[in-house]
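Visitor: Let's walk through this one. Keep it brisk.

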Amino acid sequence: MKDTQIKKLINAEKKRQKSVINLIASENFVSRDVLEALGSELTNKYAEGYPGKRYYGGNAIIDEVESLCQNRALKLFKLKPVEWAVNVQALSGSPANVAVYLALVPIGGKIMGMSLDQGGHLTHGHKVSISGKMWQQIPYGVDAKTEVLNYDDIKAKAMAEKPAIIVAGFTAYPRQIDWKKFREIADTCGALLMVDMSHIAGLVAGGVYPTPFEYADIVTTTTHKTLRGPRSALIFSRKDRKSKTGELLDLDKKIDRAVFPGMQGGPHENAIAAVAVALGEAAGPTFKKYARQVVANAKILADELSRLGWKIISGGTDSHLILVDTWMNGTGISGKEASDRLERAGIIANKNAIPFDSRPPTDPSGIRLGTAAETTRGKKEKYFQKIAQKIDMVLRK
Ligand SMILES: Cc1ncc(COP(=O)(O)O)c(C=O)c1O
């Protein structure tokens, strides 16, 4: 690279990444092949439109790239192309979610999503996000006692509010989600069910977390967390979903139009090619083992921290992610202090609100830890047990 300033910064970041333990739950390390696709000549091409229906010439090869990505996405999650469509153009998770609302929820309509401070994402209707400015969030959360979802409470709220869409799938929720229960709730109140599986997509692909596809109408996901791809997103939708009165809802066509021209111009075909590479890798023989190891590592990390006296939200994890209450009603340290101390000790994690947090979001009561990135580095249970012991040492008051 001739640009020495940028080259120096890239090298410095590479070195930083190598020198720390990465426990950020939403990060991972992509393969050389993913990086190669991202840095390829595909970035030069404008391709507004969809395969076979482009606004510019010269897109025959690009069409093949995008179609391949779509086919791999459907195949990875065992979906029949007659039943499911996938849009691979959303630039990232947030625009993907907003595109779904734009397509399917009238402006001002109700989106029922988990509130940010309980583990939802900004784009599930929070007021600072466009999803909460253009639409109205009906927030739900976890049970105060068990810190897991209480489906009866969610159902009661859904029945009272009659949202247009219910969003399930979260940013900081460690447990398995009962997709079937969400389907029943959506059916009883007449809502569409959207699953945002951004965090757990790799675990679903690896067969270690229940698939939402049997129950959801729409599934969105980022591609850069447990799925281990580049920063991008996928939007799956049921082609055969009908309204109560039997008309085809055309979810896929509406979503395509919302992505382009509704939200975006030309898709980033280099990123789409890199997603295709990641999807190919996730379909390979070693990915299932990887996904299993991610969850095993998270469980041991949670168990060991708990044994050492730390409060794990909901008592454990079924995924790659754990939430630790570091504040423990004032007997411990705040989440910010915890993540700062960990960073000084070479462990990167993020401060995070815990359910019913008494502290502000800028300095909440907990931290969120994830095992996807370090598992990509080949780390196993023993290592994560040691990490827990190191975290304990660093966080002790
Ligand atoms: C559940 C969920 N949805 C959506 C997003 C947004 O993804 P992006 O940062 O790519 O916009 C995230 C990001 O953390 C997320 O956790």
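Visitor: Which residue of β10 stands opposite Thr222?
Guide: Ala233 is the residue of β10 that stands opposite Thr222. A word on the source: this is a predicted model, where local features need pLDDT of at least 70, side-chain atom pairs count only at pLDDT 80 or more, and totals for chains, interfaces and linings use all residues. Residues are numbered from 1 along each chain as its sequence is written, and side-chain values use heavy atoms, with hydrogens and water left out.

Visitor: How many bridges between β9 and β10?
Guide: Five, and strand β9 (residues 218-222) pairs with β10 in the antiparallel sense. Two strands pair if DSSP finds at least two bridges between them. Strands are DSSP runs of E, at least two residues, and helices are runs of H or I, at least four, numbered from the N terminus.

Visitor: What about β4 and β10?
Guide: Four bridges join β4 to β10 (residues 233-238), and the two run antiparallel. Val86 has Phe236 as its bridge partner in β10. Ala85 stands opposite Ser237.

Visitor: How many residues of β10 are buried?
Guide: Six of its six, so β10 is mostly covered, where buried means under 20% relative accessible area, exposed over 50% and partly exposed in between (1.4 Å probe, protein chains only).

Visitor: Which ones point which way?
Guide: Ala233, Ile235 and Ser237 go one way from β10, and Leu234, Phe236 and Arg238 go the other way. In a regular strand the side chains alternate between the two faces of the sheet.

Visitor: And β4, which residues sit on each side?
Guide: Trp84 and Val86 are on one side of β4 (residues 84-87), and Ala85 and Asn87 are on the other. Those four are all buried, and both faces of β4 are covered.

Visitor: Switching to Ala99. Where does it sit?
Guide: Ala99 lies in helix α4 (residues 93-104).

Visitor: Buried or exposed?
Guide: Ala99 is buried, because its relative accessible area is 1%.

Visitor: How far is Ala99 from Ser131?
Guide: Their C-alpha atoms are separated by 9.8 Å, with the two residues 32 apart along the chain.

Visitor: Cysteines next. How many disulfides turn up?
Guide: Zero in the whole structure, with a disulfide taken as a pair of cysteine sulfur atoms within 2.5 Å. Cys69 counts as buried because its relative accessibility is 1%. Cys189 counts as buried too, at 6%.

Visitor: What's the strand order in the open sheet of four?
Guide: β11-β12-β15-β14, with antiparallel pairing. β11 (311-312) and β14 are the edge strands, each pairing on one side only. Three bridges join β14 to β15. Asn350 has Arg368 of β15 as its bridge partner.

Visitor: Where is Ser365?
Guide: Ser365 is in the loop between β14 (350-352) and β15 (366-370). Ser365 counts as buried because its relative accessibility is 2%. Beyond four places in sequence, its contacts include Val324, Trp327, Asn352 and Arg359.

Visitor: What's the definition behind that?
Guide: On a 1 Å grid over the protein atoms alone, a pocket is an open set of points with protein on both sides within 12 Å along at least five of seven lines; a cavity is a set where a 1.4 Å probe fits but cannot get out; lining residues have an atom within 4 Å of a point. Grid points are joined across faces, edges and corners, and a volume is the space filled by probe spheres set on the points.

Visitor: How many cavities of 30 Å³ or more?
Guide: One. The largest cavity has a volume of about 80 Å³. Its lining has 14 residues, with Phe170, Tyr173, Ile177, His199 and Ile200 nearest its centre.

Note on methods
Contact = heavy atoms within 4.5 Å.
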